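Take a walk through this protein model with me. We will look at strands first, then at aromatic rings.

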Amino acid sequence: MKKESFVNRLGKVRQRTEGALPAITLVLVSILSAAVAIFGLETWVAVAAAVTALVSGAQVINREAVIPWRLKSANNAVVRLYSGTVDGHRQTGSAVQIAPSRWVTASHAAPSEAVVKLKLGDTWSQARVIYRDEELDLAVMEVDDDWPWLARVSMDRPEPGTQVKVVGWTSGRRDKENRDRGVRVAQDYAVQGPVEDSLIVLAGAVPPIGFSGAAVTEIETGKVVGILFQFSRGEHDSYGPPRLDETHATPLSCIPPEHTR
């Protein structure tokens, strides 16, 4: 187990307090309102009331509009991936756009010797791998064609217990014209821990074939935090309880900053 860095601990503190700040502010403003009312400072009461309304409104907007829009954008930013090699090896996967023309997937879904394509709408567009980490099973790709949907990303590793949604494309069944009828699927998972800085462990449903490269999105923030790359079936023997099935993802924080924009 890697020792957690000070920077990562600081990021976790910021992440935990960030969501609580509006509520803390609301409480402080309410206390201020009561205090100034007691001392008869009517102007300050009006100011405090206005700030209270502003903070409350911001919370409602964030919960009812901003987060749902982020989740929708993240879902639509995930597209199908196809790769094929000269020796006839073919596979499908998923990829998510994290910046204009910058896409992320699992590296095994986009082998170095393969031609890789992404399905943008009705068009298959060729992708070029510009960064690869085989050990972390992570690849960043560049595509010339535009896609309007972008995922909002977070470079903070999610805390154990965080609820996430994994969105990817299934390989699907072929129709009478031999076309692959894959569908986009969203499955709910919970982050397990503690884990290493380079690994997110999820517990939940078995991911379907085609989920390599699927986006891991925090439900509470609507931000993509990782890329799915592996499913590990839990083992069972007669000497103890069965182990949980584990779904593994690589945090986006493992991508060098120059490849995330």
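Two strands pair if DSSP finds at least two bridges between them. Keep that rule in mind as you look at this predicted model.

Start with strand β11, residues 200-204. Strand β10 (residues 184-192) is joined to β11 by four bridges, and the two run antiparallel. Find A190: opposite it stands A203 in β11. Now turn to strand β14, residues 246-251. Three bridges pair β14 with β11, again in the antiparallel sense. Here V201 has H248 of β14 as its bridge partner. How much of β11 is buried? Four of its five residues are, so the strand is largely enclosed by the rest of the structure.

Next come the aromatic rings. A pair of aromatic rings is described by the distance of the centres and the angle of the planes. A search of the whole structure finds two such pairs.

W69 belongs to helix α2 (residues 42-76), while W149 sits in the loop between β6 (138-143) and β7 (163-169). The pair therefore ties together parts that are 80 residues apart in sequence. W149 is partly exposed, at 22% relative accessibility.

The other pair is Y82 and W124. Their centres are 6.2 Å apart. Why is this pair edge-to-face? Its planes stand at 70°, and planes over 60 degrees apart count as edge-to-face. Y82 lies in strand β1 (residues 78-84) and W124 in strand β5 (residues 123-133). This pair links distant parts of the chain, 42 residues apart. Y82 is partly exposed at 28% relative accessibility. W124 is partly exposed too, with a relative accessible area of 36%.

Conventions: Residues numbered from 1 in each chain as written. Predicted model: local features only at pLDDT ≥ 70, side-chain atom pairs only at ≥ 80, totals over all residues. Heavy atoms only, no water. Phe/Tyr/Trp six-rings, centres within 6.5 Å; stacked < 30°, edge-to-face > 60°. Buried < 20%, exposed > 50% of the residue type's maximum accessible area, 1.4 Å probe, protein only.
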